Amino acid sequence: MNLLAPNRVDPAFRADVLAGFRMRPRAIPARWFYDREGSELFEKITELPEYYPTKVETGLLARHSADVAKIVGPGRAVVEFGSGSSTKTPHVLEAVQPAAYVPIDISGEFLRESAAALASDFPKLSILPVEADFMHPIVAPPEIASLPKLGFFPGSTIGNMVPRTAVNLLRAMVETLGVGAMLLIGVDRIKDVNALIRAYDDAQGVTAAFNLNLLHRINRELDADIPVDAFVHKAVWNDAFARIEMHLEAVRDVAFMIDDERFEMAAGETIHTENSHKYGPRDARLLLRAGAWTPLAEWTDAEDRFALILAEA
Ligand code: AVJ
């Protein structure tokens with residue numbers, strides 16, 4: 001129970017958790033993974049040998065930022081959606097020479113820390129952080145109103161969304177960034193199933209801890225007593241939907257309370273906690289076009305594990 005800061009619980013978290021546990025099959029949106037502990041565990045995931053996306057994408061940015069800059073040109077406002085720790089951003093900022101950088105993140109704490117770190121590396125750059133959920137329309141800082149924009153959406157975060165939600169977000173990005181804007185987006189590819197499963201079920205159990213942290217977070221922030229030791233991490237490939245799914249499976253019959261509501265789960269019952277959609281070359285371009293963006297160029301690694309796509313509104 002959260003005794004120290006009982007009022008600081010996001011009411012949307014409580015609502016999503018209760019609705020998710022009442023649903024069949026049970027499901028909780030993946031965005032709630034990222035509290036302090038969850039964000040730290042995700043950073044550890046990005047360093048795992050099995051988790052290729054961050055390494056491959058960072059390599060693509062290091063190698064091809066100059067090619068991106070040639071098409072994009074200088075003097076834009078770079079708007080990053082879900083900036084997190086912003087580790088990939090310096091490559092883009094160095095090459096693109098923007099007039100301003102607008103990182104958007106729901107975690108204000110993370111946002112301010114990474115903005116401060118970037119400020120010392122780019123002392124002349126105007127950095128204008130926005131603490132917001134990028135899934136809702138964003139009010140851009142007035143300082144960038146007259147600048148052409150480059151959206152930056154790395155990490156294959158788009159993969160967390162089902163296609164209709166992804167398309168809605170892409171269209172909302174056109175509204176936020178304006179016609180004439182460009183978007184640099186990272187998309188994870190469909191590949192060998194075993195390589196995918198290993199990336200989401202690593203030998204050290206960091207991804208398992210990341211998934212289980214959601215239950216710990218519910219116990220910490222809500223008035224809940226979920227026996228976390230009764231759950232195990234599952235990562236499965238859903239071929240029909242071309243996505244990795246993460247679930248938490250009860251290994252015995254359990255009963256617990258969340259905010260005065262009693263829940264029971266039988267052994268074998270699951271909670272769906274994340275989708276990570278993967279896209280072939282044409283899939284990714286079609287998704288962008290459905291979201292009102294025209295692909296201009298793309299870069300991939302030699303094994304086509306991950307793609308960076310530049311598109312125009
Ligand atoms: C941050 C959504 C891109 O789907 O690969 C990593 C999150 N989940 N391991 C992904 C995640 C489990 C990650 N994204």
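**View 1. Around the ligand, the shell holds 3 nonpolar, 7 polar and 1 charged residues.** Here Ala, Val, Leu, Ile, Met, Phe, Trp, Tyr, Cys and Pro count as nonpolar, Asp, Glu, Lys and Arg as charged, and the others, Gly among them, as polar. Look for Ile 45, Pro 53, Tyr 200, Thr 207, Glu 274 and Ser 276, among others; Gly 155, Ser 156, Thr 157, Gly 159 and Asn 160 also belong to the surroundings. A residue is near the molecule if its C-beta atom, placed from the backbone, lies within 6 Å of it. Please keep in mind that this is a predicted model: local features need pLDDT of at least 70, side-chain atom pairs count only at pLDDT 80 or more, and totals for chains, interfaces and linings use all residues. Residues are numbered from 1 along each chain as its sequence is written.

**View 2. The largest nonpolar core has 50 residues.** Such a core is a set of buried Ala, Val, Leu, Ile, Met, Phe, Trp, Tyr and Cys residues joined through C-beta atoms within 7 Å; buried means that 20 or more other C-beta atoms lie within 10 Å of a residue's own. Val 78, Met 182, Leu 183, Leu 184, Ile 185, Ile 309 and Ala 311 touch the most other members.

**View 3. Leu 183 and its contacts.** Leaving aside residues up to four places away in sequence, Leu 183 touches Gly 151, Phe 153, Met 173, Trp 293 and Ala 311. Contact requires C-beta atoms, placed from the backbone, within 7 Å.

**View 4. A second, separate core has 19 residues.** Its members include Phe 33, Phe 42, Leu 215 and Ile 218. Across the protein chain, 37% of the 313 residues count as buried.

How values were computed: Buried ≥ 20, exposed ≤ 12 C-beta atoms within 10 Å, placed from the backbone. Contact = placed C-beta atoms within 7 Å.
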